[in-house]
Amino acid sequence: MIARPHPAVPLLALAAFTVLLALVTGGWAPLDDLDTAVADALRRHGAGNPDLVAVVRVATDVAATLSYLAAGVVVTVVLAVRRDRVRAVFCAAVTVVVPVLWALMHWLLHHPRPPDAFVEIDSNGFPSGHTSNAAAAALAAVLLLWPRQGRTARTVTVLLAVTFALYVGITRLVLLAHWPADVLGGWLLALGVVPLLARAAVAGRPAAARGTGREVRSGSR
């Protein structure tokens, strides 16, 4: 019904996110230096390619919070109308929980965005909200579709999902809306939270209804 990666996947992602969070809030010098170096290079590149920046500024909003919430509500309603309760609950949870988590961290953690960016955003930046949204939506789509697809379709779905998540994260870097650490944090947050929400959605369901939990690893329908 919903594919569930091995529990080690979200646990390792959350562990990595926690370490990254500690380094970001602690102002670890090597990470700050890397963030600054990448941002400076992208600032020079963007200054020399204003047309690219203009296109990216529009394209990145595919993962804006309003778009993410709207898509999540539509999919949740469709699943609910079809009486697919477990998948509807999972989709609703992903739609709500991920933006709430990164929004809370933006509110609680003092982590300014890169200066002289190509977009004006007056808020803290860890983790990247656009990146968290994109990665969460992509991963949720994979987990929802995986049990109903064959091997070729699964491969295509995963490639599209990874491409989308990477694409949105890169747009945030190009626009200097976030530091690299913010984008990495967004990817890790989604990878840690979404699989746990999938497991929570099927908790308590009969084994026949929820599947064996081996869909992602075995490649069987």
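This is a predicted model: local features need pLDDT of at least 70, side-chain atom pairs count only at pLDDT 80 or more; totals for chains, interfaces and linings use all residues.
Residues are numbered from 1 along each chain as its sequence is written, and side-chain values use heavy atoms, with hydrogens and water left out.

**A buried arginine without a salt bridge**

R113 is buried yet has no salt bridge. Buried means under 20% relative accessible area, exposed means over 50%, and partly exposed is in between, using a 1.4 Å probe and protein chains only. A salt bridge is a side-chain nitrogen of Lys or Arg within 4 Å of a carboxyl oxygen of Asp or Glu. For R113, the nearest side chain of opposite charge is D182, 6.3 Å away; Lys and Arg count as positive and Asp and Glu as negative, with His and the chain ends not counted.

What does the side chain of R113 pair with instead? It makes a polar contact of 2.9 Å with the side chain of S123, and another of 3.1 Å with the side chain of H178. A polar contact is a pair of N or O atoms within 3.5 Å; within protein, one must be able to donate a hydrogen and the other to accept it, and residues adjacent in sequence count only if both atoms are side-chain atoms. Leaving aside residues up to four places away in sequence, R113 touches H106, I121, S123, N124, G125, A177, H178 and W179, where contact means heavy atoms within 4.5 Å.

**The salt bridges**

Side chains of opposite charge can pair when their charged atoms come close.

| Side chains | N to O distance |
|---|---|
| D40 and R43 | 2.9 Å |
| R87 and D84 | 2.6 Å |
| D84 and R148 | 3.7 Å |

D84, R87 and R148 are linked in a network of salt bridges. D84 lies in the loop between α4 (65-81) and α5, and R148 in the loop between α6 and α7, so the pair ties together parts that are 64 residues apart in sequence. D84 is buried, with a relative accessible area of 12%. R87 belongs to helix α5 and is also buried, at 7%. Beyond residues up to four places away in sequence, R87 touches M1, I2, L79, L144 and R148.

The pair D40 and R43 is found within helix α2 (residues 29-48), 3 residues apart, about one turn of the helix. D40 counts as partly exposed because its relative accessibility is 31%, whereas R43 has 19% and so counts as buried.

**The largest pocket**

Rolling a probe the size of a water molecule over the atoms shows where empty space is left. The largest pocket holds about 410 Å³ of space. Of the 20 residues that line it, the closest to its centre are A135, L139, V142, V162 and L191. The elements giving two or more residues to this lining are α6, α7 (151-174) and α8 (180-202), and α8 gives the most, with 6 residues.

A pocket is defined on a 1 Å grid over the protein atoms alone: it is an open set of points where a 1.4 Å probe fits, with protein on both sides within 12 Å along at least five of seven lines, and lining residues have an atom within 4 Å of a point. Grid points are joined across faces, edges and corners, and the volume is the space filled by probe spheres set on the points.

**Backbone details in the loops**

Which peptide bond is cis? The one from F126 to P127, with omega near -10°; P127 lies in the loop between α5 and α6. That loop also holds D116, a residue other than glycine whose phi is positive, near 55°. D116 counts as exposed because its relative accessibility is 61%.

L176, in the loop between α7 and α8, likewise is not glycine and has a positive phi, near 60°. With 1% relative accessibility, L176 counts as buried.

Note on methods: Helices (H or I, at least four residues) and strands (E, at least two) are DSSP runs, numbered from the N terminus.
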